[in-house]
Amino acid sequence: MSWDLLALLILIGAIWGSFLNVCIHRIPLEESVVLPHSRCPDCRQAIAWHDNIPVISWLILRGRCRSCREPISPIYPIIESVTALLTATTLYHFGLTPTGFALTALGYALITLTVIDLYHYILPDVITLPGILLGVILSLLPWFSPPIAAWEDALIGVTAGGGGLWLFGWLFQRFTGKEGMGLGDVKLTAMIGGWLGWQALPFTIFAAALIGSVAGLLWIALSGRDRSLPIPFGPYLALAAWGYLYLGPTVYGWYLGRPLPMF
Ligand SMILES: [Zn+2]
């Protein structure tokens, strides 16, 4: 892949990141993600196209709205940068193929869900439910290869992912009296199972629990945060599913004592 092409993918990724910002901001408010055009959240002034260039505009305006000078959160350029990076790395690794594009789309959904969950403690159905369906549909089409699941693996993945996590949450609640798992987490796990197959689930759930525990303990230690407050699990599931794309076959290979083919 040439440097020109890589630069183009980063640019396209940043533009998609700008759209994900709109989704992240508006979906929890149940607003349209298409219209109206972007406005300053403080003064409601419409943002001109030349002030809406991913990352660059935020840097030029030094993180402030042009009309009211209120600060604009650095989360916007961060999401644009992460999306640009994800787009370029995914299409570099999995190729400019149907599988590469599908995984990029999955990455966009996971970024959107992660940030919404961090801010609002919800994983909206408008993303997870179509996400589950789309994963199963892709598995039925002939153009995709691993890590996109074959249809049997996708169907088992949805059932085992959703059912397994629901059962885990139910048992956790029975024994601890605390709500451990939201239904949003159940649907997200079903979605991951639908896209990547049931094979992805042991790695994803175990890695998510591990990263979540470490991050949760660090968070409590560093911020002195009350441990009875909810800690969203969606971001860790999303991160772990993404890790599976790169590390899954290697880790399973160690466990089974023989190498598995990389995706
Ligand atoms: Zn403003």
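Visitor: What span does helix 4 reach from its first C-alpha to its last?

Guide: This is a predicted model, in which local features need pLDDT of at least 70, side-chain atom pairs count only at pLDDT 80 or more, and totals for chains, interfaces and linings use all residues. Residues are numbered from 1 along each chain as its sequence is written. Helices are DSSP runs (H or I, at least four residues) numbered from the N terminus, and the expected span is 1.5 Å times one less than the number of residues. Helix 4 (residues 98-120) has 23 residues, and its span is close to the expected 33 Å, reaching 33 Å.

Visitor: Which residue follows helix 4, and what is its phi?

Guide: Most residues other than glycine have a negative phi. The residue after helix 4 has a positive phi, near 55 degrees, and is Tyr 121.

Visitor: Where does Arg 44 lie, and what is its phi?

Guide: Arg 44 is placed in the loop between helix 1 and helix 2 (56-60). Although Arg 44 is not a glycine, its phi is positive, at about 65 degrees.

Visitor: Which peptide bond is cis, with omega near 10 degrees?

Guide: Most peptide bonds are trans. The loop between helix 5 (125-140) and helix 6 (151-176) contains Pro 147. The cis bond runs from Pro 146 to Pro 147.

Visitor: How many nonpolar, polar and charged residues make the contact of helix 1 with helix 3?

Guide: Two residues are in contact if their C-beta atoms, placed from the backbone, lie within 7 Å. Among those in contact are Leu 6 and Trp 16 of helix 1, and Tyr 76 and Glu 80 of helix 3. Ala, Val, Leu, Ile, Met, Phe, Trp, Tyr, Cys and Pro count as nonpolar, Asp, Glu, Lys and Arg as charged, and the others, Gly among them, as polar. By class, the contact of helix 1 with helix 3 has 16 nonpolar, six polar and one charged residues.

Visitor: How are helix 5 and helix 7 oriented to each other?

Guide: The axes of helix 5 and helix 7 come within 8 Å and cross at roughly 25 degrees. The two helices are therefore roughly parallel.

Visitor: Which residues of helix 7 and helix 8 make their contact?

Guide: Helix 7 (residues 183-196) and helix 8 (residues 200-223) have axes that come within 9 Å and cross at roughly 145 degrees. Helix 7 contributes Thr 189, Ile 192, Gly 193 and Leu 196, and helix 8 contributes Ala 200, Leu 201, Thr 204 and Ile 205.

Note on methods
Axes are lines fitted to C-alpha atoms, for helices over the stretch in contact, and angles run from 0 to 180 degrees between N-to-C directions. Angles under 35 degrees count as roughly parallel, over 145 as roughly antiparallel, 65 to 115 as roughly perpendicular and the rest as oblique.
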